[in-house]
Amino acid sequence: MRFAGLALAAVLALAGGQLSVGPAKAQTVSYAQAAGLLAQHCGGDIMKHCRGINLGNNAIHNCLAQSVAQLTPACAANHASIRELTEARAAAQKQVYKTCDRDAAQFCPGLVPGDGNIVSCLLEASKVVSATCTASLVNAGYAQ
C-alpha cells in the first residue's frame with residue numbers, strides 16, 4: 001500500500017504541471033500502472049459515464065474528457081496527467097533508438113534495427129553505455 005501512496009504522490013505532483021519527458025529523469029508509467037492509477041482515481045466515474053465503452057483508441061479518455069464537468073474531483077484532477085504519462089512512455093520508447101544510436105553502433109555492431117535485439121544488447125551493456133542512453137532506456141521503461 002505504501003508503494004501505491006508513493007505512486008499517487010508522484011502522479012499528483014506531475015498533475016501540477018511538472019511533467020518532464022527529458023532523458024534526465026524517468027517520469028513515465030507502464031500501461032498497467034496507468035490502468036491501476038486510472039481505476040484508483042476514476043473507477044467510479046468510468047462505471048457511471050463510460051460503461052460499455054471499448055478500451056481501445058483512447059475511448060475511455062475521450063469519454064472522461066467529454067464528461068469532465070461531471071467527474072469526481074480526484075478523477076478530474078488526474079485523468080489527463082495519467083494519459084500524459086503513458087504518452088510520454090510511448091514517445092520515450094520511440095526516442096531510444098535515436099538517443100542510443102552511438103551506443104548501439106559501438107556495443108551492438110551487426111544487429112538489425114527493428115528486431116528487438118538492440119534494446120536487449122544495450123541492456124546487457126548497461127554498465128558501459130552512455131548516461132544519456134541509460135536515462136532514455138529507463139524513461140522508456142526498458143530498464144530501472
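## V29, a buried loop residue

V29 is buried, with a relative accessible area of 11%. In this predicted model, V29 sits in the loop that runs between α1 (2-18) and α2. Setting aside neighbours within four places in sequence, the contacts of V29 are A34, L85, T86 and R89.

Along the sequence, V29 and N139 are 110 residues apart, while their C-alpha atoms are 8.7 Å apart in space.

## The chain as a whole

Let us step back to the overall picture. The protein chain has seven helices and zero strands, so its elements, read from the N terminus, follow the order α-α-α-α-α-α-α. Of its 144 residues, 33% count as buried. The chain exposes about 8,700 Å², and carbon and sulfur atoms supply 57% of that area. Among the contacts with a separation of 6 or more, 59% are between residues 24 or more positions apart.

How confident is the predictor? The average pLDDT of the protein chain is 80, and 81% of the residues score at least 70. Residues 1-26 call for some care when you look at them: pLDDT stays under 50 there. For that stretch the model has 33 contacts beyond four places in sequence.

## The largest nonpolar core

In soluble globular proteins, nonpolar side chains tend to be buried together. Here, the largest nonpolar core has 14 residues, and the members that touch the most others are V96, C100, L122, V129, C133 and L137. The helices α4 (73-99), α6 (117-124) and α7 (131-139) each supply at least two residues of this core. The largest share, four residues, comes from α6.

C100 is found in the loop between α4 and α5 and is buried, with a relative accessible area of 1%. Beyond its neighbours within four places in sequence, C100 is in contact with L122, C133, S136 and L137. C100 and V129 are 29 residues apart in sequence, with 8.3 Å between their C-alpha atoms. C133, for its part, is in contact with T99, C100, D103 and L122, again leaving aside neighbours within four places in sequence.

## A second core and helix α3

There is also a second, separate core of eight residues, including I46, I60, L64 and L71. Two of these names come up again in helix α3, whose buried residues are A59, I60, H61, C63 and L64. Which helices do the buried residues of α3 pack against? They pack against α2 and α4.

Most residues other than glycine have a negative phi. N58 is partly exposed, with a relative accessible area of 41%.

How many salt bridges does a search of the whole structure find? The search finds one. E87 forms a salt bridge with R83, and the closest N and O atoms are 2.9 Å apart. An α-helix has 3.6 residues a turn, so residues three or four places apart point the same way. E87 and R83 are four residues apart in helix α4, so about one helical turn separates them. Both partners are partly exposed: E87 has a relative accessibility of 41%, and R83 has a relative accessible area of 23%.

D103 is buried yet has no salt bridge, and the nearest side chain of opposite charge, R102, is 7.8 Å away. A salt bridge needs a side-chain nitrogen of Lys or Arg within 4 Å of a carboxyl oxygen of Asp or Glu, so R102 at 7.8 Å does not pair with D103. Leaving aside neighbours within four places in sequence, D103 is in contact with C108, L122, V129, S130 and C133. Among these contacts, L122, V129 and C133 belong to the largest nonpolar core.

Key: Residues numbered from 1 in each chain as written. Heavy atoms only, no water. pLDDT = per-residue confidence, 0-100. Contact = heavy atoms within 4.5 Å. Buried < 20%, exposed > 50% of the residue type's maximum accessible area, 1.4 Å probe, protein only. Lys, Arg positive; Asp, Glu negative; His and termini not counted. Core = buried A, V, L, I, M, F, W, Y, C linked by side-chain atoms within 4.5 Å. Areas by Shrake-Rupley, 256 points an atom, 1.4 Å probe, with all protein chains shown as cover.
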